[in-house]
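Student: I have a model open and want to learn how to read it. Can we start with how helices pack?

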Amino acid sequence: MSDSAKSVPIGQRDIPDYPRYAGLATFALLPRIEDVRRADVAVLGIPFDAGTSFRPGARFGPNHIREASRQLHPYHQTHDVYPFKVNQVVDAGDLGVTPYSIEAAVASIEKSADEYAEQGIRLVTLGGDHTIALPLLRAVAKKNGPVGVIHFDAHLDTWDTHFGAPIWHGSPFRRAAEEGLLDLERCIHVGLRGGVYDKDELEADGVLGFQIIRADDYETDGAATIVERIRNRVEGGPIYISIDIDVLDPAHAPATGTPEVAGLSTRELFATLRGLTGIGILGADIVEVAPAYDHAALTGLVAAHTAWEVLSLMAYDKEHFGL
Ligand SMILES: [Mn+2]
């Protein structure tokens, strides 16, 4: 094999007469990280849900998403890009984190994320509950400095303590802001609705520095206008994308820990993501998929495709902007 042939990314499993629904599932039937010489992007499962405040079960999210991801294809029509040819994308398996201590789990996630960052491998993480965003942001900020964040979620996730716990799935962006991990001039929540105990929470979120796009804004403004608002907010440096699957309406993603009605449609989420070319994505997470509440694998399917949209953006940005 020549050197140039070695550098061509290994793509999805392609064995004649062996259907995609057969055999063991890696994400999108991509190679495992141990099967390649080098990787640009790793899809990493973090089966952790001890920070959940309502319905538990997101620890089973990563493998549910992998099963659904068997259906992902090599070519993205909108971006005219082959996400698995431009980048070497791999499945890095799951992190084995303790279910018994949030602090210990967060520390081990941070350590592992640091190691990927040191190798120059960007992570697209499959949760797990939203607690995992804190150690992932720590690693990204350690490597790159404070980052802008596009946070898709029904909820603020800038709450303070819950039952005295400072780190839980409702607090990652407050803790990240306090720790100086975020470029707060370039952070925005998208899809907010419901789930607020008191008006003060919205004011405190604004004091931290976040901007808000509500789910209702899709009705009045439309996705194209919202894309412009997000782009104007986050321009000027690389960003991290955090996607709580509960940003979607429960009709589109029922299997999640804290569902909120009147959310985004899958089309609205994808129209938004597809508008975010050229912004430079340092990493991303897709969290809060709790498969026990799923129907017809709907939530696994949309989470797998959401990860694929992010991977396609990363490929587009590399191909067109060298990002
Ligand atoms: Mn969340």
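Student: At what angle do helix H9 and H10 pack?
Tutor: Look at two things: the angle between the axes and the distance between them. In this predicted model, H9 (residues 223–234) and H10 pack at an angle of about 40°, with axes 9 Å apart. Angles under 35 degrees count as roughly parallel. H9 and H10 are therefore oblique to each other. Their crossing is right-handed.

Student: Which residues make the contact of H9 and H10?
Tutor: H9 supplies Ala223, Ile226 and Val227. H10 supplies Glu268, Ala271 and Thr272. By class, that contact has 4 nonpolar residues, 1 polar and 1 charged.

Student: How do H10 and H11 pack, and at what angle?
Tutor: H10 (residues 266–274) and H11 (residues 298–321) have axes 10 Å apart and an angle of about 15°. That makes the two helices roughly parallel. The crossing of H10 and H11 is right-handed. From H10, the contact uses Thr266, Leu269, Phe270, Leu273 and Arg274. From H11, it uses Val302, Thr306, Glu309, Val310 and Leu313. The classes are 6 nonpolar, 2 polar and 2 charged residues.

Student: Now the backbone. Which peptide bond is cis?
Tutor: Check omega. The bond from Gly127 to Gly128 is cis, with omega near 15°. Gly128 sits in the loop between strand E3 (122–127) and helix H5 (133–144).

Student: What is the phi of Phe163?
Tutor: Phe163 is not a glycine, yet its phi is positive, about 50°. Its place is the loop between strand E4 (147–152) and helix H6 (172–178). Ala262 also deserves a look: its phi is near 65°, a positive value in a residue other than glycine. Ala262 is in the loop between strand E7 (239–244) and H10.

Student: Are Phe163 and Ala262 exposed or buried?
Tutor: Count C-beta neighbours inside 10 Å. A residue with 12 or fewer is exposed, and one with 20 or more is buried. Phe163 has 6, so it counts as exposed. Ala262 has 14, so it counts as partly exposed.

How values were computed: Residues are numbered from 1 along each chain as its sequence is written. This is a predicted model: local features need pLDDT of at least 70, side-chain atom pairs count only at pLDDT 80 or more; totals for chains, interfaces and linings use all residues. Axes are lines fitted to C-alpha atoms, for helices over the stretch in contact, and angles run from 0 to 180 degrees between N-to-C directions. Helices (H or I, at least four residues) and strands (E, at least two) are DSSP runs, numbered from the N terminus. Angles under 35 degrees count as roughly parallel, over 145 as roughly antiparallel, 65 to 115 as roughly perpendicular and the rest as oblique. A crossing is left-handed if the near helix is turned anticlockwise from the far one by less than a right angle, and right-handed if clockwise. Two residues are in contact if their C-beta atoms, placed from the backbone, lie within 7 Å. Ala, Val, Leu, Ile, Met, Phe, Trp, Tyr, Cys and Pro count as nonpolar, Asp, Glu, Lys and Arg as charged, and the others, Gly among them, as polar.
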